Amino acid sequence: QGFMLRDESRVFLDSFFRESANLNATLCSLRLPPSYTSLRANTHRYGVAEAESLLGQFLRDQCHKFVIETHSVLTDCLLVKAEQHGHVDPEKKAVIVDCRCGEALMRGADLFAPGVLGGSRWIRAGDKVAVYVDVDETMLKGATPAMLTGRRHFVGNGVAQMDRIAMIAKDASGIAVKMTEPIHPAPALNGVLPDMLLLQNLPSMLVAHLLSPLPSDRVLDMCASPGGKTTHAAALMHNQGIVVAVDRTADKVKAIEDLASRLGLTNIQAIRCDSTTLLTPTATSTPSAAPFEPESFDRIMLDPPCSGLGQRPRLKDLITLKNLIGFSPYQRKLFHVAFRLLKVGGTLVYSTCTLNPLENEAIVRFALDTFGLQLVDPGALRLGGPGLRWSEDGMPDGTRLPKGLTDQERLLVQRFDPAQSDTIGFFVAKFIKISADVRSAQ
């Protein structure tokens, strides 16, 4: 079954999708994880071949049967795939988990006790158990599988590390089930070789490569946490120049600083600020860091807050129509600031982890109509498909949709549809600033 959307959200999205894409196929793909795990090698400190060798040794030591490949285009990207993917029959005893926990299990995690909702009676440490997700979240804590009234989703088998009563205790902690036969085999690599490798989704790695920063550049990452794109740009600059990384909370800024320190990068300046205020004296940041003068940056990455309708696997509908229409005004405000901060001749890369056209193609249309910007052909860095095409009068109730891209423009942006690309849902567009003109006050 596919990822389920509320009716109003589905109607809204289908108005954009139905002319050039299959929304049902896309939603079905969102329910599953990609068939591989992607990691970025920290090329500031290590060679890719060295990182691949040490990762392979780690997997062999853990008796994991995975193969490692270097991406054919993104040469600092390593892909880890299972050697074989056979059928798994559920064990008789069962443990039930919540959706968030189930999604983590599908990406290679073991089952930790806080995610357990219930399980079969008389489970003992050492028992083989099947693990199911309570998709509709109808199950009460401590219940048995027979009491589950909603949909369940089987994610694999494992070995219980504790008795049932310990799994469902109020203060339960630690690994409850060691996953031995996951439906979607994926290695648990978080924290493995931490100064050498970084877990990062493949399309997200494309952003810094498209930006193509030079060692002498001044780069801005406007919504930077947790710092994957920031540190990638800094590494591509050979730890030279400067990358200003901005986010709104102290915790997010600290996450960027911690990641930069872990990877040995010293050309990153992380500041706490709402990026919509980067041009105004009300920006709260370290002294002399902001506000910035117009045209202060050679290259800018803008990956704004978005509805997130691209993250996978997704087992629960958390996307409302309000989510789908609520982010674009803030994204437009950020674009105004990004354009003014970018030098003429500079590069801006816009990206999101959503499949929502209102936050993707419609934002690109707004940018092209409003600012002195021009789309840039990604050339050899084209990994995604073209943008969507839709009719402006596409809503069933007669509501007009925003203007979309021309056929030529659609070929210059990249849309990663998980039904076609085996990645998370993602969107990216590269611009060059050809003039300082602002053609309207939209």
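What covers the buried residues of H11? In this predicted model, the cover includes H10, strand S15 (342–352), strand S16 (371–375), helix H12 (407–410), strand S17 (414–416) and strand S18 (426–438). Helix H11 spans residues 361–370. Nine of its ten residues are buried, so the helix is largely enclosed by the rest of the structure. The buried residues are Glu361, Ala362, Ile363, Val364, Arg365, Phe366, Ala367, Leu368 and Thr370.

Helix H10 covers residues 328–341, and Ser328 belongs to it. Ser328 has a relative accessible area of 9%. Buried means under 20%, so Ser328 counts as buried. Beyond its neighbours up to four places away in sequence, Ser328 touches Leu358 and Ile363. Ile363 is itself one of the buried residues of H11.

Two open sheets were examined next. Strands of a sheet pair through backbone hydrogen bonds, either parallel or antiparallel. Arg40 has Cys77 in S3 as its bridge partner.

S5 pairs with strand S9 (residues 175–182) over two bridges, in the antiparallel sense. Phe112 has Ile175 in S9 as its bridge partner.

S4 runs parallel to strand S7 (residues 128–134), and four bridges join the two. Ala94 has Ala130 in S7 as its bridge partner. S4 runs antiparallel to strand S6 (residues 116–119), and three bridges join these strands. Val97 stands opposite Val116 in S6. Both faces of S4 are covered. Ala94 and Ile96 are buried on one side, and Val95 and Val97 are buried on the other.

Helix packing was examined near the start of the chain. Two packed helices are described by the angle between their axes and the distance between the axes. Helix H1 (residues 7–17) and helix H2 (residues 23–30) pack at an angle of about 120 degrees, with axes 10 Å apart. That angle makes H1 oblique to H2. Arg10, Leu13, Asp14 and Phe17 in H1 meet Leu23, Asn24, Thr26 and Leu27 in H2. The residues of this contact divide into four nonpolar, two polar and two charged.

Leu59 lies in helix H3 (residues 48–61). Is Leu59 buried or exposed? Its relative accessibility is 2%, so Leu59 counts as buried. Leaving out residues up to four places away in sequence, Leu59 touches His64, Phe66, Ile68, Val80, Pro187 and Leu189. Leu59 and Ala188 are 129 residues apart in sequence, yet their C-alpha atoms are 9.7 Å apart in space.

How many disulfides does a search of the whole structure find? The search finds zero. Cys223 is in no disulfide, and the nearest cysteine sulfur, that of Cys306, is 10 Å away. A disulfide needs two cysteine sulfur atoms within 2.5 Å. Cys223 counts as buried, at 15% relative accessibility. Cys273 is also in no disulfide. The cysteine sulfur nearest to that of Cys273 belongs to Cys223, 10 Å away. Cys273 counts as buried too, with a relative accessibility of 2%.

Conventions: Residues are numbered from 1 along each chain as its sequence is written. This is a predicted model: local features need pLDDT of at least 70, side-chain atom pairs count only at pLDDT 80 or more; totals for chains, interfaces and linings use all residues. Side-chain values use heavy atoms; hydrogens and water are left out. Buried means under 20% relative accessible area, exposed over 50%, partly exposed in between (1.4 Å probe, protein chains only). Two strands pair if DSSP finds at least two bridges between them. Axes are lines fitted to C-alpha atoms, for helices over the stretch in contact, and angles run from 0 to 180 degrees between N-to-C directions. Angles under 35 degrees count as roughly parallel, over 145 as roughly antiparallel, 65 to 115 as roughly perpendicular and the rest as oblique. Contact means heavy atoms within 4.5 Å. Ala, Val, Leu, Ile, Met, Phe, Trp, Tyr, Cys and Pro count as nonpolar, Asp, Glu, Lys and Arg as charged, and the others, Gly among them, as polar.
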